[in-house]
Amino acid sequence: MATPTLPTVLRTARLLVRSWRPGDAPLLKAALDESLPHLQASVAWARHEPTPLAGIVERVVRHAAGFNAGDDWVYGIFAPDETRVLGGCGCERAEPALAALVGPGTVEAGYWLRADATGHGYAAEATAALVRAAFDHLGARRVAICHDPANVASGGVPRRLGFHCVGTVGARELPARQAADGSVRPATTVWVLEADAPART
């Protein structure tokens, strides 16, 4: 029996959300390099940017391999004509600590946007499509979104989509989460949407 997986392309009213390809590397590098202060203030992985183009190519190849293997599903958020990367989103099956906190059958989703793409609702639009796909294609029972309590903008996405805020938990309940500076995050805010309460758009 085939392992459940997600479609490689998710289309929304304003966006093309699809799995990464090696040829996307220059567009991804531009999105990252033009948004360094914005990204480094909110996500730990951006501390290591800028990355040479060859390293970005290796990254998108890894994303594609993980997608194909059904380990995790990482998408680029593109303008409809695919001339710009606006950001990225993705999901993976919850680690044991998160599943113990919110329940079995959980998939965790995440997202980021380049600096000049914020404020337009793109993250919510792309994440809504991702959530629907997780329910429809992976059989997820719930989707969780976790973020640093200080990242107020990130919390706006699950709120807009109708997620329920479980609360803010400490590093003991949800360990090994990184703050933007790379340190262990002392607290994490957790949101959950159940499969029988589909995301608003």
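**Close-up 1. K29 reaches the backbone of T51.** In this predicted model, a polar atom of the K29 side chain sits 2.7 Å from the backbone oxygen of T51. K29 itself belongs to helix α1, which covers residues 25–33. Setting aside neighbours within four places in sequence, K29 touches P50, T51, P52, L53 and I56.

**Close-up 2. R18 pairs with E82 in a salt bridge.** Eleven salt bridges turn up in the model, and here is one of them: the closest N and O atoms of R18 and E82 are 2.9 Å apart. The two partners come from distant parts of the chain, 64 residues apart, with R18 in strand β2 (residues 16–19) and E82 in the loop between β3 and β4. R18 is buried, at 4% relative accessibility, while E82 is partly exposed, at 31%.

**Close-up 3. R84 and D116 form a salt bridge.** Their closest N and O atoms lie 2.8 Å from each other. This pair also ties together distant parts of the chain: R84 is in the loop between β3 and β4, and D116 is in the loop between β5 and α5, 32 residues apart. R84 counts as partly exposed at 31% relative accessibility, and D116 does too, at 47%. Look around and you'll find a network of salt bridges linking E34, R84, R114 and D116.

**Close-up 4. E95 meets R177.** Their side chains join in a salt bridge, with 3.1 Å from N to O. E95 is in the loop between β4 and α4, whereas R177 is in the loop between β7 and β8, 82 residues apart. E95 is partly exposed, with a relative accessible area of 27%, but R177 is buried, at 13%.

Notes:
Residues numbered from 1 in each chain as written. Predicted model: local features only at pLDDT ≥ 70, side-chain atom pairs only at ≥ 80, totals over all residues. Heavy atoms only, no water. Helix = DSSP H or I, 4+ residues; strand = E, 2+ residues; numbered from the N terminus. Polar contact = N/O pair within 3.5 Å; in protein donor to acceptor, adjacent residues only side chain to side chain. Contact = heavy atoms within 4.5 Å. Salt bridge = Lys/Arg side-chain N within 4 Å of Asp/Glu carboxyl O. Buried < 20%, exposed > 50% of the residue type's maximum accessible area, 1.4 Å probe, protein only.
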